[in-house]
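Subject: Structure for your review

Dear colleague,

Please find below the structure that I am handing over to you. My findings follow it.

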Amino acid sequence: MKFALFPAASRLAGALALGAVTAFGAPGAVDAAGPEVDPATAKRHVNLAALQPMLAEQIAKAACFAHLGVNPSAQMQYLRGAHGLFEQTHRGMRKGNSALGLVAETHPNLLQALDAVDRDAGRWMARSAALSNGDGDISAQALEALMRDTASATAVTEALSQRTARTYGADKGVPLALSVRIDLASRQRLMSQRIAKDYCLIAAGAATPERRAALSEAVTLFDNSLEALIEGVDAFGLPAETDARRLALLNSVGDAWREMRPYVTAVAGGATPDAAAISAVAWVNNVVLTQANAAVFAYETGGVEG
């Protein structure tokens, strides 16, 4: 099933905006010194580093829906699960974690990036921990404080993700095309949570023109990256997807996204969501995330041929 909303030029522009070129094609600090790892371990590091900014957005999204009283017990389960996985993965990327498939990090550039997460996202991690230990009664003040710090957390973890992708990319036996696929698919799961978070914040009263514009841009980025994964992008040397299992997963992402998208575009265009719409988005974004996450792991475990 083709998910084609934009012409090729627009798709390429969207892919560029998503940062795939920054992550894999542009010059950057790549430190060759590091552990000898096989391609499977390299892909796991790329995948889990890219998971971290998504978890930051998921925590913020769950906190927002809990604040609105949309099934707060379920939202707190999402929040606590995301917080625990974020902390476990962050420790594992530094010290190794055999259960997660991570080896202890020795690349100086990645150790520096992990230090930056500790420094720039430390206050966010403390706020997230406090909320995860709470009862789900999240005040407007607590939500506002979390959102301020979430911006720093996602920025610094996205920087770590891109540096990890460069470091564990081709030099560790992972072809460029496959690295780009993992990056784009990872950004699908990230964008699913960022879109749901911004939708929720608008529903909570933070309906600024800038937030609606950001929501509209995020919809375009999601559309374009999904089309790029399915149809390919020649400029990246990224062929169209032909593997039946992975294509089915991407089409499942598209099916769930088509259910969520009209709610989001309406709010991006100026509408005020009602309770039924808010509840629908609070549920379906998790379906999009589940399918997108399955696609990421399919790329990670599906071989190194790209």
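The crossing in which H7 passes H8 is left-handed. On the H7 side the contact is made by Leu143, Met147, Thr154, Glu158 and Gln162, and on the H8 side by Arg187, Leu190, Arg194, Lys197 and Leu201. By class, the residues of this contact of H7 with H8 divide into four nonpolar, two polar and four charged. Please note that the model is a predicted one.

Lysine 197 is found in helix H8, which spans residues 176-203. Is lysine 197 buried or exposed? With a relative accessible area of 10%, lysine 197 is buried, because the limit for that class is under 20%. The side chain of lysine 197 is joined to that of glutamate 57 by a polar contact of 2.9 Å. Apart from its neighbours within four places in sequence, lysine 197 is in contact with Glu57, Ala60, Lys61 and Met147. Met147 is also among the H7 residues that make the contact with H8.

Overall architecture

The protein has eleven helices and zero strands. From the N terminus on, every element in the run is therefore α, as the order α-α-α-α-α-α-α-α-α-α-α shows. Of its 306 residues, 54% count as buried. Among the contacts between residues at least 6 apart in sequence, 84% join residues at least 24 apart.

Helices H3 and H4

Helix H3 covers residues 39-68 and helix H4 residues 72-95; their axes come within 8 Å and cross at roughly 155°. That angle makes H3 roughly antiparallel to H4. The crossing of H3 and H4 is left-handed. Which residues of H3 and H4 meet? From H3 they are Leu48, Ala49, Leu51, Gln52, Leu55, Gln58, Ile59, Ala62, Ala63, Phe65 and Ala66, and from H4 they are Pro72, Gln75, Tyr78, Leu79, Ala82, His83, Leu85, Phe86, Thr89, His90 and Met93. The contact of H3 with H4 has 16 nonpolar, six polar and no charged residues.

Glutamine 52, which lies in helix H3, is one of the residues that meet H4. At 1% relative accessibility, glutamine 52 counts as buried. Not counting residues up to four places away in sequence, glutamine 52 touches Leu85, Phe86, Thr89, His90, Met93 and Thr157.

Asparagine 71 is found in the loop between H3 and H4. Most residues other than glycine have a negative phi. Asparagine 71 is partly exposed, with a relative accessible area of 47%.

Helices H9 and H10

The axes of helix H9 (residues 209-231) and helix H10 (residues 244-268) come within 11 Å, crossing at roughly 160°. H9 and H10 are therefore roughly antiparallel to each other, and their crossing is left-handed. H9 contributes Arg212, Leu215, Ser216, Val219, Phe222, Asp223, Leu226, Leu229 and Ile230 to the contact, while H10 contributes Leu247, Leu250, Asn251, Val253, Gly254, Trp257, Arg261, Val264, Thr265, Val267 and Ala268. The residues in this contact of H9 with H10 divide into 13 nonpolar, four polar and three charged.

Proline 209 is found in helix H9. With a relative accessible area of 62%, proline 209 is exposed. How far apart are proline 209 and glycine 269 in sequence and in space? They are separated by 60 residues in sequence and by 9.6 Å in space, C-alpha to C-alpha.

Yours sincerely

Methods: Residues are numbered from 1 along each chain as its sequence is written. This is a predicted model: local features need pLDDT of at least 70, side-chain atom pairs count only at pLDDT 80 or more; totals for chains, interfaces and linings use all residues. Side-chain values use heavy atoms; hydrogens and water are left out. Axes are lines fitted to C-alpha atoms, for helices over the stretch in contact, and angles run from 0 to 180 degrees between N-to-C directions. Helices (H or I, at least four residues) and strands (E, at least two) are DSSP runs, numbered from the N terminus. Angles under 35 degrees count as roughly parallel, over 145 as roughly antiparallel, 65 to 115 as roughly perpendicular and the rest as oblique. A crossing is left-handed if the near helix is turned anticlockwise from the far one by less than a right angle, and right-handed if clockwise. Contact means heavy atoms within 4.5 Å. Ala, Val, Leu, Ile, Met, Phe, Trp, Tyr, Cys and Pro count as nonpolar, Asp, Glu, Lys and Arg as charged, and the others, Gly among them, as polar. Buried means under 20% relative accessible area, exposed over 50%, partly exposed in between (1.4 Å probe, protein chains only). A polar contact is a pair of N or O atoms within 3.5 Å; within protein, one must be able to donate a hydrogen and the other to accept it, and residues adjacent in sequence count only if both atoms are side-chain atoms.
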